[in-house]
Amino acid sequence: MERPPKLAAAIDAAAEALVNVLDSTASRHQVSVPPTQLRVLALICARSETNVNRLAELLDVVPSSASRLCDRLEATGLLRREADPRDRREVRLLPTA
């Protein structure tokens with residue numbers, strides 16, 4: 001019956017090592033983009049013709065909520081809005097470099 005204590009100690013050591021790795025990575029990369037905004041960026045990167053209404057559909061939110069998310073991303077320099085060359089009434093969402 002010595003296996004469970006050894007197994008528990010091994011799991012505890014692995015969890016502590018993982019936390020240490022995550023802490024050191026977080027301190028090196030000061031990325032403060034919330035998960036929802038990362039999801040928005042991923043959707044926009046995957047769909048180059050995305051506008052706010054299409055983004056709202058993809059996120060299953062109202063367009064005003066999608067627009068506010070885009071406002072925050074634009075304020076941090078991660079997103080830009082550009083008039084669609086085919087229809088100037090449409091605004092495309094584009095990730096920045």
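**A strand residue, a helix and the core**

A: The side chain of Arg-92 makes a polar contact with the side chain of Glu-49, at 3.1 Å. A polar contact is a pair of N or O atoms within 3.5 Å; within protein, one atom must be able to donate a hydrogen and the other to accept it, and residues adjacent in sequence count only if both atoms are side-chain atoms. This is a predicted model, in which local features need pLDDT of at least 70 and side-chain atom pairs count only at pLDDT 80 or more, while totals for chains, interfaces and linings use all residues. Residues are numbered from 1 along each chain as its sequence is written, and side-chain values use heavy atoms, with hydrogens and water left out.

Arg-92 is part of strand β2. Helices (H or I, at least four residues) and strands (E, at least two) are DSSP runs numbered from the N terminus. Arg-92 counts as buried because its relative accessibility is 16%; buried means under 20% relative accessible area, exposed over 50%, and partly exposed in between (1.4 Å probe, protein chains only). Leaving out residues up to four places away in sequence, Arg-92 touches Ser-48, Glu-49, Thr-50, Arg-80, Arg-81, Glu-82, Asp-84 and Pro-85. Contact here means heavy atoms within 4.5 Å.

Strand β2 (87–95) also meets helix α3: the buried residues of α3 pack against α2 (35–46), α4 (63–75) and β2. In α3, residues 52–59, those buried residues are Val-52, Leu-55, Ala-56 and Leu-59. They sit on the same side of α3 because they cover an arc of only 100° around the axis, the arc being that of the directions from the helix axis to the C-beta atoms. An α-helix has 3.6 residues a turn, so residues three or four places apart point the same way.

At the start of α3, a side-chain oxygen of Asn-51 comes within 3.2 Å of the backbone nitrogen of Asn-53. Just after α3 comes Asp-60, with a positive phi of about 60°, in a residue other than glycine. Asp-60 lies in the loop between α3 and α4 and counts as exposed because its relative accessibility is 70%.

The largest nonpolar core has 14 residues, of which Val-40, Ile-44, Leu-55, Leu-59, Leu-79 and Leu-93 touch the most other members. Helices α2, α3 and α4 each supply at least two residues of this core. A nonpolar core is a set of buried Ala, Val, Leu, Ile, Met, Phe, Trp, Tyr and Cys residues joined through side-chain atoms within 4.5 Å. Setting aside neighbours within four places in sequence, Ile-44 is in contact with Thr-50, Leu-55, Leu-79, Leu-93, Leu-94 and Pro-95. Leu-38, in helix α2, counts as partly exposed because its relative accessibility is 46%.

Of its 97 residues, 22% are buried. Its mean pLDDT, the predictor's confidence in each residue from 0 to 100, is 84, and 87% of the residues reach 70 or more. Among the elements, α4 has the highest mean pLDDT (93) and helix α1 (residues 3–28) the lowest (74).
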